[in-house]
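Hi everyone, thanks for coming.

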Amino acid sequence: MKRGIVSSWFRLLLIQASWNYDRMIGVGVAFSSEPLLRDLPGGVQGRQYRNALVRAAKYFNGHPYLIGLAVGALARTEHEGVPPEQMGRLRSALTGPLGSVGDKMVWAGTLPSASAVGLLLAVTLSPMVGVVGFLVLHNIVNLGLRVWALSAGWRGGMQVAKFLGGRVIKLCLMVVGPVAAFAVGLALPLVGAWLARGLDMNALLGVGIIAAVGIVFARSVWPTLGGLRFALGAVALAVLAGWL
Amino acid sequence: MIDNAGWLLLWGVVVGLDLICVAQTMVSRPLVAGTVAGAIAGDPMAGMAVGVVLELFAFEVLPFGAARYPDYGLGAVAAAAAATGAPAILGTGLGVSLGLIVAFVGGRGIHLRRLRNGLDLERHVDQLEHGDLRTIYSLHLRGLAREVFRSVIVTALGLLLAEGIRRWAPLTVQGAVYLGIVTLGAALSAAVTGAIRLAGRKSAQQWFMLGLLGGLVGLMLR
């Protein structure tokens, strides 16, 4: 195993701490790659180490669970002495796909699926089962992807793209969207019924009307409004109605 | 007075850090944040109820790149504190309403923290361009410290508002029921809209409809 890879993996868990609009996750990439760069020729006082840190801290963005691919691959290219221009091109080439693959796979796929399963377990079995079930499901993906990404990145170096375009990833991307949609669809009626228990017919009708208005607003009338602002507006009206 | 306010504040910091900066294990999801906060405050079922409603809102959030989004985790902590001990729908409506406000404020806080991180970076560009490891460490540490600060402020604000609402909410029972109805309706609409957006393609939307059908059948069988 590459020296520093465990330390680098733990640092990946903090990679977004210095996230900003200028370099996005760039400083975090430098923070996480640093243990992998310590044994560059000349050591931590050497010019190669410092130059590698400068390059690592440049602008970068990607999904936090998959960013290990870039961290590992860029550190590997530093060790292989790849020319800086080529490293720059690798960096640019990874930014888009790392973001879009991770977003589709996790934020729009596994996370809502795990959340829907957690909700189902919570309302049908018990709160604790729901919470634990959700956390276990989500973190198998979270920690598993982080481990895989860093090790694949280190192994791949300049060829890291082959891992992102691999069959498993393609299959995952094909499956996770429909699975998430199905899981959320399955959870909604049961969760809605659990929340609405004890409400009379008039109240249920009210819930249905608000939900329908919200969906129409979000889909057709005012798509940029967002669920939160719609809800805050509705809450303000309800407070007013409660007073009158 | 809210029971275990100090522990709730600490839990708020954990939730706030988990959202973006540390590990993203998703203890910051409202289902977890709310249920645990409810347990700390002495009413896990109330915490779970507000957590479930806010979790439905969270289906709409896609934290892509530089997207701005509400912090429903800290919202759930405040919501659970407000709903603790109140009877069912009355507590849930009131708690979730407060949770939505706190989530909005928390989201603005995330944006401000990112801006502050950027200003900090600007001041240290020279050191970064010389590959100074200390600068990288200190930028990162200050980023974490800002997140702790944001979490403390937002959670404390949420707990203060929760305490205020529990003591002096100028609401009738009817008003509290109205709040329950609108927050539940809005949560369901956010979840449906979010799920349709998640599904994206038409074929995936069909999977959503299939799931919905399955859920309805499950409901009838229960």
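Before I point at anything, a word on names: helices (H or I in DSSP, at least four residues) and strands (E, at least two) are DSSP runs, numbered from the N terminus. What you see is a predicted model, in which local features need pLDDT of at least 70 and side-chain atom pairs count only at pLDDT 80 or more, while totals for chains, interfaces and linings use all residues. Residues are numbered from 1 along each chain as its sequence is written, and chains are lettered from A and ligands numbered from 1 in the order in which they are written.

Let's start with a loop in chain A. Val82(A) sits in the loop between H4 and H5 of chain A. What does Val82(A) touch? Two residues are in contact if their C-beta atoms, placed from the backbone, lie within 7 Å. Leaving out residues up to four places away in sequence, Val82(A) touches Thr77(A), Met87(A) and Met158(A). Gly157(A) is 75 residues away along the chain, yet its C-alpha atom and that of Val82(A) are separated by 9.8 Å.

Axes are lines fitted to C-alpha atoms, for helices over the stretch in contact, and angles between N-to-C directions run from 0 to 180 degrees. H4(A), residues 67–80, packs against H5(A) at about 170°, with the axes 10 Å apart. Angles under 35 degrees count as roughly parallel, over 145 as roughly antiparallel, 65 to 115 as roughly perpendicular and the rest as oblique. H4(A) and H5(A) are therefore roughly antiparallel. From H4(A), the contact uses Ile67(A), Leu69(A), Ala70(A), Ala73(A), Leu74(A) and Thr77(A), and from H5(A) it uses Met87(A), Leu90(A), Arg91(A), Leu94(A) and Leu98(A). For classes, Ala, Val, Leu, Ile, Met, Phe, Trp, Tyr, Cys and Pro count as nonpolar, Asp, Glu, Lys and Arg as charged, and the others, Gly among them, as polar. In this contact that gives nine nonpolar, one polar and one charged residue.

H5(A) also reaches across to the other chain. Its axis and that of H3(B), residues 44–58, come within 11 Å and cross at roughly 150°. That makes H5(A) roughly antiparallel to H3(B). Ser115(A), Leu119(A), Ala122(A) and Val123(A) of H5(A) meet Met48(B), Val52(B) and Glu55(B) of H3(B). Those residues divide into five nonpolar, one polar and one charged. As for H3(B) itself, 14 of its 15 residues are buried, so the rest of the structure largely encloses this helix.

Over to chain B. There are nine helices and zero strands in this chain, and its C-alpha trace spans about 65 × 50 × 25 Å along the principal axes. Of the 222 residues in chain B, 59% are buried. Among contacts in chain B with a separation of 6 or more, 74% come from residues 24 or more positions apart.

Most residues other than glycine have a negative phi. Ala23(B), however, has a positive phi of about 70°, and phi of Met26(B) is near 75°. Ala23(B) counts as buried, with 20 C-beta neighbours inside 10 Å, and Met26(B) is buried with 22.

Definitions and conventions: Buried ≥ 20, exposed ≤ 12 C-beta atoms within 10 Å, placed from the backbone.
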